[in-house]
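Thanks for making time. I have one structure to go through, and I will keep to a few elements. Please have it open while I talk.

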Amino acid sequence: EIDFVLQKIAEPESSRKTLSVENNISANERFERNPSLQIDQQNRINITPSEHLNDEQNDALLVILSWLSDRLHHLGDPIHFSAPEQLLMFIHGGPGVGKSHFARELISRDPGIIVCAAPTGIAASELYRGRTLHDFLGLPTTCARPKILPPLKADKAAQLSVRLDGVRIILIDEVSMIDDLLLSWVDQRLQQLLLNSSPFANLGVIMMGDFLQLCPVLGPSLFK
């Protein structure tokens with residue numbers, strides 16, 4: 001799991017914690033030192049820092065885009081390109097630190113490969129083409145909360161599977177409002193729809209939120 005903390009952009013540079021994924025080198029410096037972090041021409045992914053993001057945000061951006069490029073290369077040529085480890089990332093920070101801004105910049109690189117979802121309609125409306133988890137994955141909305149999701153009818157499963165065609169990353173916002181059972185449902189449904197028994201059907205998973213904000217309506221928070 002990769003853990004990023006996004007700090008307030010407005011804070012003075014001297015008071016901000018610099019967080020990067022390689023020996024405290026900023027994203028721009030790492031890009032200059034590593035010429036392979038450029039544009040993946042084959043998969044048309046722009047693996048470069050964004051001028052609209054700060055160092056902490058660019059660190060997270062480059063990790064995701066580099067993983068995505070490696071994943072697409074493997075899918076296109078599994079003989080010559082090994083499969084990267086599954087991307088499991090948690091991006092957290094308080095209100096106003098730029099989580100939604102980061103998500104928009106990430107999705108702008110390739111909106112067809114990344115889908116956005118959230119536990120509530122209001123939260124989903126803040127995301128690019130965002131949908132609620134229940135709507136996107138056909139999760140139960142009744143009072144009954146089974147631990148094991150029953151299989152969907154064939155026509156419904158086919159309809160939902162189309163939504164996941166070509167998707168490599170699912171970004172889930174407002175993670176503080178998700179309880180352990182709902183997260184388990186997401187995992188189970190992805191496995192059912194993609195016919196893949198790996199956790200989250202081996203999709204890349206990015207979770208964003210702040211555990212000091214709203215708690216789940218039902219069930220315990222994920223950190224408990």
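Let me begin at the start of helix 7, where a side-chain oxygen of D179 reaches to within 3.0 Å of the backbone nitrogen of L181. Bear in mind that this is a predicted model.

Helix 7 itself covers residues 180-194. After the helix comes L195, with a positive phi near 55°.

Now the buried side of the helix. The buried residues are L181, L182, L183, W185, V186, D187, Q188, R189, L190 and L193. Note that the list includes D187, Q188 and R189.

Residues 169-172 form strand 7, which runs parallel to strand 5 and is joined to it by four bridges. One of the pairings is I114 with I169 in strand 7. Strand 5 also pairs with strand 6, residues 131-132, again in the parallel sense, over two bridges. There, A118 has T132 as its bridge partner.

How covered is strand 5, residues 114-118? Five of its five residues are buried. In a regular strand, side chains alternate between the two faces of the sheet. Here both faces are covered: I114, C116 and A118 are buried on one side, V115 and A117 on the other.

Next, aromatic rings. The count comes to one aromatic pair. The rings are those of F90 and F211, with centres 5.5 Å apart and planes at 55°, so the pair is tilted. It links distant parts of the chain: F90 sits in strand 4, residues 88-92, and F211 in the segment after strand 8, 121 residues apart. F90 counts as buried because its relative accessibility is 14%, under the 20% cut-off. F211, at 25%, counts as partly exposed.

Last, the totals. The protein has seven helices and eight strands. Of its 224 residues, 46% count as buried. Among contacts between residues at least 6 apart in sequence, 69% join residues at least 24 apart.

Methods
Residues are numbered from 1 along each chain as its sequence is written. This is a predicted model: local features need pLDDT of at least 70, side-chain atom pairs count only at pLDDT 80 or more; totals for chains, interfaces and linings use all residues. Side-chain values use heavy atoms; hydrogens and water are left out. Buried means under 20% relative accessible area, exposed over 50%, partly exposed in between (1.4 Å probe, protein chains only). Contact means heavy atoms within 4.5 Å. Two strands pair if DSSP finds at least two bridges between them. The expected span of a helix is 1.5 Å times one less than its number of residues. A polar contact is a pair of N or O atoms within 3.5 Å; within protein, one must be able to donate a hydrogen and the other to accept it, and residues adjacent in sequence count only if both atoms are side-chain atoms. Rings of Phe, Tyr and Trp (its six-membered ring) pair if their centres lie within 6.5 Å; planes under 30 degrees apart count as stacked, over 60 as edge-to-face and the rest as tilted.
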